[in-house]
Amino acid sequence: MSQHHPSDDILMEYAAGCASPHLALCVAVHLQYCPHCRAGIQRLSALGGEMLQQLPQEDLSEALFERIMLRIELEESAPATLQKPVEDLLQRWLPDGLNAVNWRKQWFKVYEYVLEVSRKGRQRLSLQKISAGGRAPLHAHYGQEVTVVLQGGFSDEMGVYEEGDFVIRSGDQRHRPRALENEDCICLAYLDAPVCLAGPIGRWIERFRRLFMPDLNAPVS
């Protein structure tokens with residue numbers, strides 16, 4: 001069972017349908033591994049329904065009523081999100097599954113497969129792979145990084161993470177993830193801003209990158 005979970009605030013956003021699409025995807029993938037959070041989502045959904053019943057009743061226009069009924073019909077005809085396996089959630093980008101991914105090498109023993117990149121290149125949804133025992137470069141973050149472990153596991157300065165774990169790192173957290181020794185580690189990762197490389201080589205790369213992305217805000221060192 002997963003040991004690292006989304007916060008209560010994130011679960012509430014997800015249950016209310018207010019989470020951003022990429023964050024919602026990361027939560028939905030985590031839920032496949034975590035009965036604890038699935039039960040939490042069910043409790044929050046029941047609580048939301050109870051709160052709606054306490055609101056004063058108002059008449060609906062005919063057009064609004066028809067839109068609501070159409071939404072209910074669509075949701076009833078679609079499979080429940082909680083019952084979708086991880087492969088189904090990622091099928092839009094991986095029609096042939098994880099085994100068919102064409103990885104691009106980023107660093108020694110570190111690989112990436114990009115799923116989506118925003119127009120200006122700041123937001124990035126991708127799969128990250130570190131070969132067994134390999135290390136990613138030391139880095140911090142210009143924004144927030146959300147990671148869900150799909151296979152294997154990794155450790156960093158703040159803990160050890162295995163299949164299904166949901167991990168968030170922000171600008172004030174420098175870390176150097178290392179895959180566990182017995183298996184390649186594959187993660188779903190969402191960045192709302194680029195990482196900031198550290199160390200002698202990383203600092204040189206960062207100076208070069210700032211020439212092209214001057215609006216980046218430096219993370220807390």
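Q: Let's begin with arginine 104: how exposed is arginine 104?
A: This is a predicted model, so every value here is computed from it. To read exposure, take the relative accessible area: under 20% is buried, over 50% is exposed, and in between is partly exposed. Arginine 104 has 45%, so it is partly exposed.

Q: With which residue does arginine 104 form a salt bridge, and how far apart are the closest N and O atoms?
A: The general idea is to look for a side-chain nitrogen of Lys or Arg within 4 Å of a carboxyl oxygen of Asp or Glu. Here the partner of arginine 104 is glutamate 112, with the closest N and O atoms 3.0 Å apart. Glutamate 112 is buried, because its relative accessible area is 2%.

Q: Where does glutamate 112 stand in the strand pairing?
A: Glutamate 112, in E2, is the bridge partner of arginine 104. Strands E1 and E2 run antiparallel to each other and pair over 3 bridges.

Q: What should I look at in the turn of that hairpin, where lysine 109 sits?
A: Look at the backbone angle phi. There are 2 residues between the strands of this hairpin, and lysine 109 has a positive phi near 65°. That is a positive value in a residue other than glycine. Lysine 109 lies in the loop that links strand E1 (104-107) to strand E2 (110-117). With a relative accessible area of 42%, lysine 109 is partly exposed.

Q: How many salt bridges does the structure hold?
A: There are 5 salt bridges in the structure. One of them joins the side chains of aspartate 156 and arginine 169, at 3.2 Å from N to O. Aspartate 156 belongs to strand E6 (residues 153-156) and arginine 169 to strand E8 (residues 166-169), so this pair ties together parts 13 residues apart in sequence.

Q: Are aspartate 156 and arginine 169 buried or exposed?
A: Aspartate 156 is buried, with a relative accessible area of 13%. Arginine 169 also counts as buried, at 7% relative accessibility.

Q: Which residue does arginine 178 form a salt bridge with?
A: Its partner is glutamate 181, and the closest N and O atoms are 2.9 Å apart. Arginine 178 counts as partly exposed at 30% relative accessibility, whereas glutamate 181 is exposed at 57%.

Q: Which residues do salt bridges with shared partners join into one network?
A: To find a network, follow the shared partners. Here they join Arg104, Glu112 and Arg124.

Methods:
Residues numbered from 1 in each chain as written. Predicted model: local features only at pLDDT ≥ 70, side-chain atom pairs only at ≥ 80, totals over all residues. Heavy atoms only, no water. Helix = DSSP H or I, 4+ residues; strand = E, 2+ residues; numbered from the N terminus. Buried < 20%, exposed > 50% of the residue type's maximum accessible area, 1.4 Å probe, protein only. Pairing = 2+ DSSP bridges.
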